[in-house]
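Please have the viewer open and follow along.

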Amino acid sequence: MPTTTLTAETIGQTLQDNEIVLIDFWAEWCGPCKRFGPVFEASADENSDIVHAKVDTEAEQALAQELQIFSIPTLMAFRDGILVFNQAGALPAPALAQVVEAVKGLDMDDVRAQIAAGAKE
């Protein structure tokens, strides 16, 4: 499955409509971003059940700022609209595969309970 380009206008609906969304925040001038791009594309091909999306931080500066993207590439993973992974740096393919499997394996009832418990503190 090809990657999807996200914008400030499309990110909310994409997160709402899909169980798992991985987002690669990148820029054209970023060398590590260019090296991570093919790894991310390969993951999209291997995991057609997951939305693999890209945000060009130059074109979507306000969105990048809102999501506190300070370094690129940054990978975020959302499950059921909840941010469950956020890491700057270009991941090698095996590490990205581990992230995908970890996100797929999450017990979201437990995640929501942890969020609720944290909100009470």
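Predicted model: local features only at pLDDT ≥ 70, side-chain atom pairs only at ≥ 80, totals over all residues.

Residues are numbered from 1 along each chain as its sequence is written, and side-chain values use heavy atoms, leaving out hydrogens and water.

What covers those buried residues? Helices (H or I, at least four residues) and strands (E, at least two) are DSSP runs, numbered from the N terminus. H2 itself takes in residues 31-46, 16 residues in total, and reaches 24 Å from its first C-alpha to its last, close to the 22 Å expected at 1.5 Å a residue. That expected span is 1.5 Å times one less than the number of residues. Along the way, H2 has a kink of about 30 degrees at Gly37, shortly before the proline Pro38; the bend is the angle between axes fitted to the seven residues ending at a residue and the seven starting there.

Now turn to the sheet. It is open and built from 5 strands in the order S1-S3-S2-S4-S5, with mixed pairing. Strand S1 (4-5) and strand S5 (82-88) are the edge strands, each pairing on one side only. Two strands pair if DSSP finds at least two bridges between them. H2 packs on this sheet and touches S2, S3 and S4, its direction making about 155 degrees with that of S3. Contact here means heavy atoms within 4.5 Å, and axes are lines fitted to C-alpha atoms, for helices over the stretch in contact, with angles from 0 to 180 degrees between N-to-C directions.

Follow Thr74 to see how the strands line up. S2 and S4 run antiparallel, joined by 6 bridges, and Phe25 stands opposite Thr74 in S4. S4 also pairs with S5 in the antiparallel sense over 6 bridges, where the bridge partner of Thr74 is Ala88. The hairpin of S4 and S5 has 2 residues between the strands, and Asp80 there takes a positive phi near 55 degrees. Across S4 and S5 lies helix H5 (residues 108-120), running at about 85 degrees to S5.

Finally, the charged pairs. A salt bridge is a side-chain nitrogen of Lys or Arg within 4 Å of a carboxyl oxygen of Asp or Glu, and by this rule the count comes to 6. One of them joins Lys54 and Asp24, with the closest N and O atoms 2.6 Å apart. It links strand S3 to strand S2 across 30 residues of chain, and both Lys54 and Asp24 are buried. Another pairs Lys104 with Asp49 at 3.5 Å. Lys104 is partly exposed because its relative accessibility is 28%, while Asp49, at 55%, is exposed.

Back in helix H5, Asp109 and Arg112 sit 3 residues apart, about one turn of the helix, and form a salt bridge at 3.4 Å. Together with Asp80 from the hairpin, Asp109 and Arg112 are linked in a network of salt bridges.

Definitions and conventions
Buried < 20%, exposed > 50% of the residue type's maximum accessible area, 1.4 Å probe, protein only.
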